[in-house]
Amino acid sequence: MIRNILLAIFTVLFVNTAFCQSVDSTLIISDYAFSLVNNANIQKDITSSLKGFLDNIDNGSRNNPFIDPVYIKKDMEPFSWFIIYDNDAKSTNSKINTIVLSVLPIENASYLIKLQYMDVTNPCNKKLVLIGSLITKMVGNKYYFYNAVDHYTRFWIKQKIGTINYVSATNVNQINAEVMNKFNVSLARKFGIKPIQITYYKFEDPEQLFKIMGFDYIPNMYYSTSGGLAQQWKNTLLAGNNSELYEHEAVHFYTATLFPNRSKVADEGYATFLGGSGGKNLNQLAPFAKNYIKNHPEKNITELATDFGTVVEGNVPITYILSALICRDIEHKYGMNGIKKLLKLNAGEDYFNNLYKVNKIDKTNFGSYVNGLLREYN
Ligand SMILES: [Zn+2]
């Protein structure tokens, strides 16, 4: 038995060693990559398509000839994380080796490709960037590439509760799902449009979220122990909070659709006012911002109000909380018209200019205005 395995490994090694010589030096085929795909023509076609796909990745998926045009109609950007890391490597002049770890035959005559990105800029200190999966399938006479999420969720439960289409490993909690649906319907009513149909993936945590998206390792999976992502271009919510409820991200679907030029400060503020952040509502978050301001008298509130880098207790940027308090004040005083005016930023206009138009608060009285909004909290 052991002899047979050794023989098989030897054959695979031989095939791959011979094969390696024909591929670009930045695409490395590991020794056992094709051990389950014996056909040399398939190996060759997948490798050359993969190379083409990767060469075109930073042009964006719509301009990548190795992505099925029918698929792009359903998902405008299925490879955002690969693109982000590719652009990151370019902007820092890093040299990335792309290694094909394995190619696995899977359902629907497709193959799962396991890729490893290694940063080899410093040969004495090579760093793992990510390990991710892609799906490839021959359509016509060409291999096209797909996100791995449909493969990893092929046995998951798909349940529609009102306007929310849940995809989850276990049955959804009906009570929570109803609350989420009601929240979505109430948002639509507020903005005066029909409810947006939301696809909602429920994950236990960000680590599982990224695994199901096709990443065995990507640094982002360990940036926080809870949270989520919104793919606004397809109204898809990836909730890494082990819950059917993720109100914050749902707000962004409406603001993204209705206010394409909105300021990020106002957008995150309104989403935090209505949907909280990091699992806490605005009344729970406000004391964190108040404490931070009290303990950092050297910091200027006007700067904190647009500084996404300052994170307070609860792992929430202080900007989210201050802007949420301002949004609540505006909605109470001026109703949805005030909120719509705040979100409807003209191109090139700054947050404070726009705020002044809504509630006549300018930079000179901004600090005392915000302190006033925080007064009720301890
Ligand atoms: Zn947000």
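## Parallel strands around β8

Strand β7 (residues 164–168) and strand β8 run parallel, joined by five bridges. Strands here are DSSP E runs of at least two residues, and helices are H or I runs of at least four, numbered from the N terminus. Two strands pair if DSSP finds at least two bridges between them. N165 has T199 of β8 as its bridge partner. From β7 the chain passes through helix α6 (residues 174–191) to β8, a left-handed β-α-β crossover. Right-handed would mean a clockwise path from the first strand over the helix to the second, with the strands pointing away from the viewer.

Strand β8 (residues 198–202) also runs parallel to strand β11 (residues 236–239), with four bridges. T199 stands opposite T236 in β11. Four of the five residues of β8 are buried, so the strand is largely enclosed by the rest of the structure. Buried means 20 or more other C-beta atoms within 10 Å of a residue's own, with C-beta atoms placed from the backbone.

## Model and numbering

This is a predicted model; local features need pLDDT of at least 70, side-chain atom pairs count only at pLDDT 80 or more, and totals for chains, interfaces and linings use all residues. Residues are numbered from 1 along each chain as its sequence is written.

## Hairpin of β4 and β5

Strand β4 (residues 127–139) pairs antiparallel with strand β5 (residues 142–147) over six bridges. M138 faces Y143 in β5. Two residues lie between the strands of this hairpin, where G140 takes a positive phi near 70°.

## Domains

The domain assignment, automatic or from a database, gives domain 1 (2–152), domain 2 (154–258) and domain 3 (260–378). The C-alpha centres of domain 1 and domain 3 are 44 Å apart.

Key:
A residue is buried if 20 or more other C-beta atoms lie within 10 Å of its own, exposed if 12 or fewer, and partly exposed in between; C-beta atoms are placed from the backbone.
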